[in-house]
Amino acid sequence: MAARKTAKKKTVPKKKKKAVKKKAVRKTAKKAVKKTKKKAAPRRKPPQPAPGGAVPAGGNPAGLRIRMYRVGFGDFFLMTVPTDNGPRHILIDCGVHAKDTHSIKAAVEHMAQETGKKLALIIVTHRHADHVTGFAKCKELFGEFEVERVWLSWYENPKDGKAMALQANIAAAATQIHQSLSARSDPQSEPYRNMVANITDALSAAGGSQNPEAMAVLKGFPGNPIRYYKAGDAPDLPDDLVAAGFAAQILGPPSDASLLSKTDKAAQEYLAGFSLTATDGGAIFPKGFSVKPERYKSPVFEILPREEIEARIAAAQPDQLAVGASIANNQINNQSLVTLFTFNGKTLLFAGDAQWGNWANFMFGGVDSATLKAESKAILGNLDFYKVGHHGSTNATPKDALAAMKDGCVAMCSTAIDAYPGVPRDPLIAGINSKTRNQLARSDQVAAGDQEIDPRAGKALAKIFDAVTIENAAGKCGYIDYVI
Amino acid sequence: MGLMAMAKDIYDRTRIVKPSTRPLRVYAFDPGAGRFVGNEMVATVPYEKLEPGPVGARFAVVDYDYEQKVYYKAVDLDHPWIVMRRGLDPTEGDPRFHQQMVYAVACETLQRFEVALGRRLHWFDFEYAERDGSKPPARAAVTKKDGAEEPQAEKPNRLLLFPHAMADANAFYSRAARGILFGYFRASETDPGRNLPGQTVYTCLSHDIIAHETTHAILDGMRHYFTEPTNIDVPAFHEAFADLAALFSHFSHKEVLLDTLAKTGGRLYDATLSAEASAGSDKKKDGDAGDGKDAAQIQSEIAAINPLVQLAQQFGEASGMQRGLRQMLGTRPNSNDINVLVEPHDRGAILVAAVFDAYFTIYSRRTADLFRIYRDGGGQANPVDLPEALASRLAKEASRTAEEFFSICARAIDYCPPVDIEFGDFLRAVVTAHADFYPADPDGVRAAFVEAFRLRGILPKGASSLTESSLCWPQVADNALPPVVGLQFGDPNGLTRKEKDDNGRILRAYAADHAAKLGFDPRRGAIKAPSFHPIFRIGPHGDLITDMVVELVQTEIVTDDAGTGPYPFRSGVTLLIWQEFLHNGKRADPKIHYVIQKLRTAARQQRQSEHFAAMPRTGRRDEHRHRPGDDGAIDEKKVAAAWQIDFGVMHLGV
């Protein structure tokens, strides 16, 4: 491309240079598009005839709109891209788990109306209930949708035996942990129960079967639209979007096979650990060996009294179930598809719930290096929009990454207070607020379903956002819009 | 005596010499290895008078079962019937044997360290730490039987061992519990390996697990801040070091060593490590169950049957892993693992593999001549059956080299910076310590270490190249630092209370006076001396060389705004202070010859803050209590406690 450009430059007289150059670029861009079409999707229907070239590509005066629906603790984003063929829509996740505002049906209904049940692209970042249950809950409605592309993380590829085995292992462990945690009634266990339920509910959404209902909906769209991606893949975008100058880059999840096998090993070992029925409370030695606590003598008790030692042993025990829950939860978060979009010179980052491991790969070039890669710095330094990772948890947005982001960029965070331990993390929210110059919108800043605006969510929304609550047949739907 | 009025005989010709060791029977591996060669062995531990428990001067077994809320009858190892038979017979069914085994293996492990380091080691001072670091209250003198008064002895600081602490597939060292908790669990019903399905498995009967956990406690006593996971290498280092100690102890077990030598044709190591060895796939034996097509496959298959290079086999098999807890020869050297592995055991395994690569390299170098002599005498090039004499010589070489490598690793701890250790620091410490102890190095041990670490991508950050001279910590220039006047070196049996108090005062004053020269920023708080201990060694010319290893640490509490909450940020230096030889009847003042620094830099603090912010939640239900409130008053001790490695969580199920 560059070579061709220089060739033109040479032959064109100086005066006309500017105009011709523009043309040339447009031409080459179109050619490039055609090429990609042939390469990436040979099976697709021929593209619709392009409208006479009256509208300059990518020059649509209307901006790109990002809409965040409030559904509770869960992600539901709709991005609307102006194209030559009118607005095209991209759905990024659709699910709710804890702190449900009972507005997801109303929101999906609203979204269906807005889009005319036509989606250019669905992106599901990872298989947690708070990102997928909407597809299961509204499967009839989704069944009426036309969808051109569905992007999933490579961890979802049914042809990848290792990835599937890993998912099965995590699911089995989560199911087991969930069962055991359900027997507990203490409030401290609640968040950990939520964590594993986030996995198991995603599996069994609607009906309690082990079939991932939501995944079945996604895989059921006609025309074989599903693509599986990992960091570095060149994603396949619908033509209209490409023609409109919309581009995407996949930054995560990492594709290191040894990493996968390590993760799988850990999952298997945890699974093995949980299947061990401790001892069923039965004695391990014949009765004669047992001594009642008050009759046991030891010189140690002169230094540390017996009761104190017993209490310390009790306190030192880790909560195996809670640990397992956290680990299973993090493993799935780190499968998140991380996408960087560019449109009209603006860049937008959607990181799903990716946590440290995933970030480390694409931002830092490995876990051992604490300094951002130069290219990551460049990406973050130019960022215009950031979908806050993992509902505002600390380890989903590394401090370095936040520091490197462009001052005054805009952020949206779907979150709910009291759903998960330490989410959203107040100091991080404060950090994002100062980085974005208070251009952060939280989903709990708009009324939806059975919830009003959460007064704890902070100051009023910045003027750049539009918060809307409307009533439809399915209930009260609330969303926040931002046009970039 | 008595009848003849002779000068009193000053000699005691009748005394029975007090034994220096006590023999105790233990499992060489664990009960799961019952049907294999040499699974029972006699541990010889230092003799001491024991109370039932057993409770001695350094260890106390307290057999409390938290699950059942009972204690188990304590063994009296001084009972004549038990002494007579070298301890109770190994059995899973008697908790008193369990107590005996935990005690014996823990003692044995401590002993190995003390022999390697040539000094007495101390546990982390639990009492002192819990008292906020204040001085112990003055204690009333005790009146002895004869009426004389003597000051009461200091309370012994024992490591507590709880052989049946919990019903979990877990074992861990805990400062709060002042010791090691061992769990028990039921073997998998479906995949129990060599165990009965559903059989109870005791972690306190695994030689490796006891050695591993005891090493955690020993390391914590030597370096207090290695339990603060300030970077990704710190917890991995703790794990790696504990695994190394457990693994090297395997090579002291002669029977197993001979058996393994016989089954591997003298090749204790794996084929892929060196080119000459890789030609030997025709030497596969019955035990080699692998398909032999892929080098890595053979490697792991050898490991699966080679008890020397795997850890805690029964534990691993019982939990359905179908192999030992960790295998050290399962990975081919590559420099990428270091970039992607984060889990402490996985990451630690890189370091362990590197050390073992160096070990096997030196072992083959030292036995190459034996094989050559054997072949020259008409022996086969790749013997299937080793002649007994050859096997015995190889075993001697293998265990001598293992002991040497263990000592090298143990001594290197003294040459590590006191805080924020990285694998690269350990390499530099190994090289420096070894060059100090064995300047000649005819077998190229240091080069083997450097090469093995390089192959695995472990590269020291500050060193300019991988030559020995640039890897060694730089020595302090003559007269660059004033001498440490008045420092007392005591003798190898330790320092008296008064010597300790004096030294502490002298060192703190020295640090305060010369903070900037040592690399500290004097405005950032007091510099403490958490530990100092003399080391004694015989120099190359047979002279006794005496050094003092000193940790100096400065702590700031950072109140960070983006996500971590307050945390301690420490800078530190390790000093090696040399006691000068006598000159003209006078002793010159002690001179500092190494200052091993881990100083305050913006980049380091940034890295630590980043790492802390990204640290996954531990999953403990009470973890919110570990973290101080964002607005609450800051208590340095509580803040530090919030950022400790949680061995209980880390060892869980792994």
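D75(A) has a relative accessibility of 1% and therefore counts as buried. This residue belongs to a predicted model, in which chain A has 484 residues and chain B has 654.

**The surroundings of D75(A)**

- D75(A) sits in the loop that connects β1 (65-69) with β2 (76-83) in chain A.
- Apart from residues up to four places away in sequence, D75(A) touches D93(A), C94(A), G95(A), D130(A), H131(A), K387(A), H391(A) and S414(A).
- With one of these residues, K387(A), the side chain of D75(A) forms a salt bridge, at an N to O distance of 2.6 Å.
- This pair links distant parts of the chain, since D75(A) is in the β1-β2 loop and K387(A) is in strand β11 (residues 385-387) of chain A, 312 residues apart.
- Both partners, D75(A) and K387(A), are buried.

**Other salt bridges**

- Side chains of opposite charge can pair when their charged atoms come close.
- Over all chains, the whole structure contains 52 salt bridges.
- One of them joins the side chains of D384(A) and K406(A), with 2.7 Å from N to O.
- D384(A) lies in the loop between α14 (374-381) and β11 of chain A, and K406(A) in the loop between α15 (399-404) and β12 (410-413) of chain A, so this bridge ties together parts 22 residues apart in sequence.
- D384(A) counts as buried because its relative accessibility is 10%, whereas K406(A) is partly exposed with a relative accessible area of 31%.
- A further bridge connects the side chains of K435(A) and D407(A), at 3.2 Å from N to O.
- Here helix α16 (residues 426-435) of chain A supplies K435(A), and the loop between α15 and β12 of chain A supplies D407(A); the two are 28 residues apart, and the pair links distant parts of the chain.
- K435(A) counts as buried at 11% relative accessibility, while D407(A) is partly exposed at a relative accessible area of 47%.
- In chain B, a network of salt bridges links D521(B), R523(B), R524(B), E556(B) and R600(B).

**Overall architecture of the two chains**

- Chain A comprises 16 helices and 15 strands; chain B comprises 21 helices and 19 strands.
- Buried residues account for 56% of chain A and for 58% of chain B.
- In chain A, 72% of the contacts with a separation of 6 or more are between residues 24 or more positions apart.
- For chain B, 67% of the contacts between residues at least 6 apart in sequence join residues at least 24 apart.
- Chain B exposes about 27,800 Å², with 53% supplied by carbon and sulfur atoms.

**The largest nonpolar core**

- The largest nonpolar core contains 148 residues, and F237(B), F248(B) and F449(B) have the most contacts inside it.
- Helix α11 (residues 344-376) of chain B contributes the largest share of this core, 14 residues.
- Setting aside neighbours within four places in sequence, F237(B) is in contact with L219(B), F226(B), L351(B), I413(B), I421(B), F423(B) and F426(B).

**Strand β10 of chain B and its partners**

- Strand β10 (residues 179-186) of chain B is mostly covered, with eight of its eight residues buried.
- Strand β8 (residues 159-166) of chain B pairs with β10(B) in the parallel sense over four bridges, and F162(B) stands opposite L181(B).
- Strand β9 (residues 171-174) of chain B is joined to β10(B) by four bridges and runs antiparallel to it; S174(B) has G179(B) as its bridge partner.
- β9(B) and β10(B) make a hairpin with four residues between them, and R178(B) in the turn has a positive phi of about 55 degrees.
- Strand β11 (residues 200-202) of chain B is also antiparallel to β10(B), through three bridges, with T200(B) opposite R186(B).

**Helix α16 of chain B**

- Helix α16 (residues 497-513) of chain B has 17 residues, which at 1.5 Å a residue should span 24 Å; its end C-alpha atoms are 24 Å apart, which agrees.
- The buried residues of α16(B) are E499(B), D502(B), N503(B), G504(B), L507(B), Y510(B) and A511(B).
- The cover over these buried residues of α16(B) includes α17 (515-518), β14 (527-538), β15 (544-558), β16 (567-578) and β19 (591-598) of chain B.

Key
Residues are numbered from 1 along each chain as its sequence is written. Chains are lettered from A and ligands numbered from 1 in the order in which they are written. This is a predicted model: local features need pLDDT of at least 70, side-chain atom pairs count only at pLDDT 80 or more; totals for chains, interfaces and linings use all residues. Side-chain values use heavy atoms; hydrogens and water are left out. Buried means under 20% relative accessible area, exposed over 50%, partly exposed in between (1.4 Å probe, protein chains only). Contact means heavy atoms within 4.5 Å. A nonpolar core is a set of buried Ala, Val, Leu, Ile, Met, Phe, Trp, Tyr and Cys residues joined through side-chain atoms within 4.5 Å. The expected span of a helix is 1.5 Å times one less than its number of residues. A salt bridge is a side-chain nitrogen of Lys or Arg within 4 Å of a carboxyl oxygen of Asp or Glu. Accessible areas come from the Shrake-Rupley method with a 1.4 Å probe; for residues, only the protein chains shown count as cover. Two strands pair if DSSP finds at least two bridges between them.
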